[in-house]
Amino acid sequence: MISEELMPALQGIVPAWIVTTSDDNVPNCTCISQVYPVDENHVALSNQFFSKTFRNLQSNPHAVVQVIHPADIGMWLLEIEHVRTESDGPLFDEMDMQLAAIASMSNMEDVFKLQSAYVFKVHSVTQLSEALHPAATL
Amino acid sequence: MPELDLSSFPEALALFDGPISMVLGSSNVQKRPHFARAQGVRRGEAADEIVVLVPDIMAAPIVHDVQENPNLATTLSHIANFETRQFVGVCTGIAPAGAADLALCDTMLERSSEAVAMFFGEEGANNWKRMVTRPAQAVHIQVCDIYDQTPGDRAGAKLV
């Protein structure tokens with residue numbers, strides 16, 4: 001499901017977005033630094049400041065994430081479901097290292113601190129090709 | 001007389017001028033969230049109203065969801081300094097965007113492209129300009145809550 005074509009959009013170069021929903025059905029949109037490929041059917045998101053997102057995922061594990069390919073601004077939507085949270089171990093360490101690199105690129109070294117890795121099952125991946133004009137038409 | 005007057009939040013309204021990245025989130029009756037990238041935002045007629053401009057190509061799930069559940073959230077993030085605010089409220093109407101709103105989308109896209117150029121160069125900016133802005137829907141939202149979502153200690157703080 002997570003193709004090679006999608007991988008550059010998961011490098012954290014362009015910030016991603018996540019939308020979750022609360023128990024009383026109020027959406028919450030927030031920017032995320034890191035959507036990390038775990039395997040072909042799972043991604044992990046860095047939990048840095050996710051107070052409302054975290055609360056929402058406790059009662060409703062469904063979320064949607066948008067990522068952007070850094071080279072051509074191609075947009076992708078991932079429908080995902082929270083399955084577990086990791087606060088240590090190899091995945092956490094790998095994400096911690098990548099987040100440090102992302103923080104360095106954006107001068108946010110003192111701000112971006114990984115608290116935990118939220119692991120999600122990916123239900124669908126959709127490329128939003130129609131959201132961009134073909135390059136040749138500009 | 002509405003309870004909330006957006007004029008009391010000049011730092012949030014300053015984001016309306018861009019350069020920003022902005023999204024609109026909705027949720028259907030099964031509590032499944034949906035996402036749309038917005039291309040413009042402005043004050044509405046009421047003191048507590050904003051109007052979010054969403055290209056038709058992205059708007060279908062939002063238009064469907066608000067028929068079942070009027071709750072919406074829109075988040076604006078400054079591309080250069082990451083200052084971020086989320087506005088949460090209820091949809092009070094959706095209509096095709098008029099000429100002035102479509103022109104606003106084009107202006108906002110131009111501003112955000114200039115900011116993108118600082119990070120990704122001219123090629124990145126040109127790619128950013130490829131985002132489709134029209135036709136679009138004007139989504140009217142009566143704002144109930146505003147959150148500071150700038151990365152840092154105050155991320156998630158409720159302002160009202």
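**Figure 1. The interface between chain B and chain A.** In this predicted model, the two chains bury about 3400 Å² between them. Carbon and sulfur atoms give 65% of that area. If you look for the residues that touch, you will find 40 residues of chain B in contact with 41 residues of chain A. Which residues of chain B lose the most area to chain A? They are Lys31(B), Phe35(B) and Arg130(B), and together they make up 22% of what the chain B side buries. The size of an interface is often given as the accessible area lost when the parts come together.

**Figure 2. The largest pocket and its lining.** This pocket has a volume of about 780 Å³, and 38 residues line it. To find its centre, look for Val14(A), Pro15(A), Cys31(A), Ile32(A) and Phe82(B), the lining residues that lie nearest to that point. Chain A supplies at least two lining residues from each of strand 2 (27-32), helix 1 (51-59) and helix 2 (90-105). In chain B, strand 5 (71-78) and helix 3 (99-128) each supply at least two as well. How does the lining divide by residue type? There are 20 nonpolar, 16 polar and 2 charged residues.

Figure 3. Rolling a probe the size of a water molecule over the atoms shows where empty space is left. Here the search gives 2 cavities of 30 Å³ or more, and the largest cavity has a volume of about 60 Å³. Its lining includes Ile20(B), Ser21(B) and Met22(B), along with Arg37(B), Ala38(B) and Gln39(B). Met108(B), Leu109(B), Ser112(B), Trp128(B) and Met131(B) are also part of the lining. Strand 1 (20-27) and helix 3 of chain B are the elements that give two or more residues to this lining. Helix 3 of chain B gives the most, with 4 residues. By type, the lining has 7 nonpolar, 3 polar and 1 charged residues.

Figure 4. Zoom in on strand 1 (residues 16-21) and strand 2 of chain A, and you will see an antiparallel pair joined by 6 bridges. Within this pair, Thr20(A) stands opposite Asn28(A) of strand 2. The loop between strand 1 and strand 2 of chain A holds Asn25(A). Asn25(A) has a positive phi of about 65°, although it is not a glycine.

**Figure 5. Two cis peptide bonds in chain B.** One of these bonds joins Gly18(B) and Pro19(B), with omega about 0°. Where does Pro19(B) sit? You will find Pro19(B) in the loop between helix 1 (10-14) and strand 1 of chain B. Another cis bond joins Arg134(B) and Pro135(B), with omega about -5°. Pro135(B) lies in the loop between helix 3 and strand 7 (136-148) of chain B.

Key. Residues numbered from 1 in each chain as written. Chains lettered and ligands numbered in written order. Predicted model: local features only at pLDDT ≥ 70, side-chain atom pairs only at ≥ 80, totals over all residues. Heavy atoms only, no water. 1 Å grid on protein atoms, 1.4 Å probe; cavity = no way out; pocket = protein on both sides within 12 Å on 5 of 7 lines; lining within 4 Å. Points joined across faces, edges and corners; volume = space filled by probe spheres on them. Nonpolar A, V, L, I, M, F, W, Y, C, P; charged D, E, K, R; others polar. Pairing = 2+ DSSP bridges. Contact = heavy atoms within 4.5 Å. Buried area = accessible area lost by both parts, 1.4 Å probe.
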